[in-house]
Amino acid sequence: RSRSKWGKLPQYFLIYHLQFALLEVVSGMARVAALAAMPLAFATDFYSSFPEHGPVELTLLPQSDDESPACLDGSPYGFYFRPSTANSTKWTINIQGGGWCYDEALCHARSKTSLGSSKYWPKSAGCSCMNAKEDGEMDDCNCLYMPYGDGASFSGFRPKPWPVSASRSNQDFLHFRGIKNFDATLDWAFKHGLDKATEFVLTGGSAGGLSTFLHVDRASQRLALEAPSCKHVRAAPVVGYFLDHDDFKKDANNYTAFMQYIYHMQNLTFGSDGALTPTCQAAYPDMPHYCFMSPHMQQFIQTPFFMFNSKYDAWQLANELQTDWKTKAEQEAVLQYGEDFLQQFKAIQGEGKHGAMITSCICHGCPWQNFMLEGKSSYQHYSAWYYGKTQGAESTHVDARKPNGDGTMTFSQCLKFPGREDVDETPLVV
């Protein structure tokens, strides 16, 4: 085939474009223009706003066989590693986001960009630590930044190249090695100090946030075996809680169907070469693709995590709900989406070991440093959870208001919603 299996994509559908976190609006959507034009080498700031250190040089991993790490186009996978400046034994692995490619045609297009080929990666990039200090600042750490090259949140694996088209002429192939990229990066890290770690955080934004949900237990299990002094293992997924939700039109072009196709195309499995959780498979034997979706699989995560998310996530409103909320019906659908988010989020609220900061700002690259709830910033709540000062319900902080704090937030990252009033851009205490 010469085009996407999904035919004409919905009007407000977004794709990730040529740069690490650069979003391109396919058919025009002025309200989400703020998501575009992000800098090439600083993708972590786009999603998390946490302090970044760097830049450091790119390391490419060797290739030798059908299980070697690779990007979609077959180019070598690699990463950016910044050792601690103070000989710390704290570690952060920070995973880049950048959406997904929902079929072979879209993956082929992606393989011509920096989201599918290391040929386009910069020689250096920064990295953000998520090892908290008690005051809510982030500590120095050994920081490893994993760029995105596989289109499936580091989860697929096929040993042989996969054809883009059923046609025998002018054939192009794709390489699905996402979980091998993740495992090979861990292999390298353990040989370069991770085996001496005393503290470890896995984090990532957007599709990297989903990667964090999916793979933190995999990393934790290896740390238990290969880094015996590492007793503090945590996860911090940022805007990675993507709902299982219909689009506004309630047609077949919906996010859940897209993720189901990726599950089969990239051969996501539950064995030793698989990225998904066997306990999740047992819970959803007839719908195994649910284990590739954070609201369904998070209940099986053993490692404590603190998630940062908007209940009105801008990417989800544009790409899942597929609306720009211009009409009254669409605005009501946005409000309902927030309610649906909280409903799917309830399972996390019932888990005592986890925590969360949930904003009402319509954002995806959210200004977490500016959000205040219950008299503390996002970082201070994260730190309190990180050090065990809060537990259970005290670790979950939800802005109960409607979009953009009932119209009181005017941070540039909060996309406008009808009824918003212009006020000073200062942290709002709730």
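**Figure 1. The second largest pocket holds about 180 Å³ of space.** (Pockets and cavities come from a 1 Å grid over the protein atoms alone: a pocket is an open set of points with protein on both sides within 12 Å along at least five of seven lines, a cavity is a set where a 1.4 Å probe fits but cannot get out, and lining residues have an atom within 4 Å of a point; points join across faces, edges and corners, and a volume is what probe spheres set on them fill.) This is a predicted model, so local features need pLDDT of at least 70 and side-chain atom pairs pLDDT 80 or more, while totals for chains, interfaces and linings use all residues. Residue numbers start from 1 along each chain as its sequence is written, and side-chain values use heavy atoms, with hydrogens and water left out. Around the second largest pocket sit Leu214, Asp217, Arg218, Gln221, Phe270, Gly271, Gly274, Ala275, Leu276, Thr277 and Pro278. Helix α4 (residues 207-226) supplies the largest share of this lining, with four residues. (Helices, H or I with at least four residues, and strands, E with at least two, are DSSP runs numbered from the N terminus.) Sorted by class, the lining has five nonpolar, four polar and two charged residues. (Nonpolar takes in Ala, Val, Leu, Ile, Met, Phe, Trp, Tyr, Cys and Pro; charged is Asp, Glu, Lys and Arg; the others, Gly among them, are polar.)

**Figure 2. Inside the protein, the largest cavity has a volume of about 60 Å³.** Of the 13 residues lining the largest cavity, Thr359, Phe371, Met372, Asp399 and Met409 are the closest to its centre. Two elements, β13 and β14 (372-373), each put two or more residues into the lining of the largest cavity. Of these, β13 gives the most, with three residues. The class tally for the largest cavity is eight nonpolar, three polar and two charged residues. Searching the whole structure turns up two cavities of 30 Å³ or more.

**Figure 3. Ala356 sits in strand β13 (residues 355-359).** Is Ala356 buried or exposed? Ala356 is buried, because its relative accessible area is 0%. (Buried means under 20% relative accessible area, exposed over 50% and partly exposed in between, with a 1.4 Å probe and protein chains only.) Apart from its neighbours within four places in sequence, Ala356 is in contact with Phe306, Met307, Phe345, Ser395, Thr396 and His397. (Contact means heavy atoms within 4.5 Å.) Ser378 is 22 residues away from Ala356 in sequence, with 9.0 Å between the two C-alpha atoms.

**Figure 4. Strand β5 (residues 90-95) is mostly covered, with six of its six residues buried.** Lys90, Thr92 and Asn94 point one way from β5, Trp91, Ile93 and Ile95 point the other way, and all are buried. Which strands pair with β5? Strand β10 (residues 199-205) runs parallel to β5 and is joined to it by six bridges. (Strands pair if DSSP finds at least two bridges between them.) In that pairing, Asn94 stands opposite Thr203 in β10. Strand β7 (residues 142-146) also pairs with β5 in the parallel sense, over five bridges. Here Trp91 stands opposite Asn142 in β7.

**Figure 5. Other salt bridges include one between Glu134 and Lys389, whose closest N and O atoms are 2.8 Å apart.** Lys389 is exposed, with a relative accessible area of 52%. Glu351 and Lys353 form another salt bridge, at 3.2 Å between the closest N and O atoms. Glu351 counts as partly exposed because its relative accessibility is 26%, and Lys353 is partly exposed at 30%. Glu67, Lys180 and Asp273 are linked in a salt-bridge network. How many salt bridges does the rule give? The count comes to 15.

**Figure 6. Asn87 and Glu374 have positive phi values without being glycine.** Most residues other than glycine have a negative phi. For Asn87, phi is near 55°. Asn87 belongs to the loop between β4 (78-82) and β5, and it is exposed, with a relative accessible area of 74%. Glu374 has a phi of about 55° and is found in the loop between β14 and β15 (376-377).

How values were computed
Salt bridge = Lys/Arg side-chain N within 4 Å of Asp/Glu carboxyl O.
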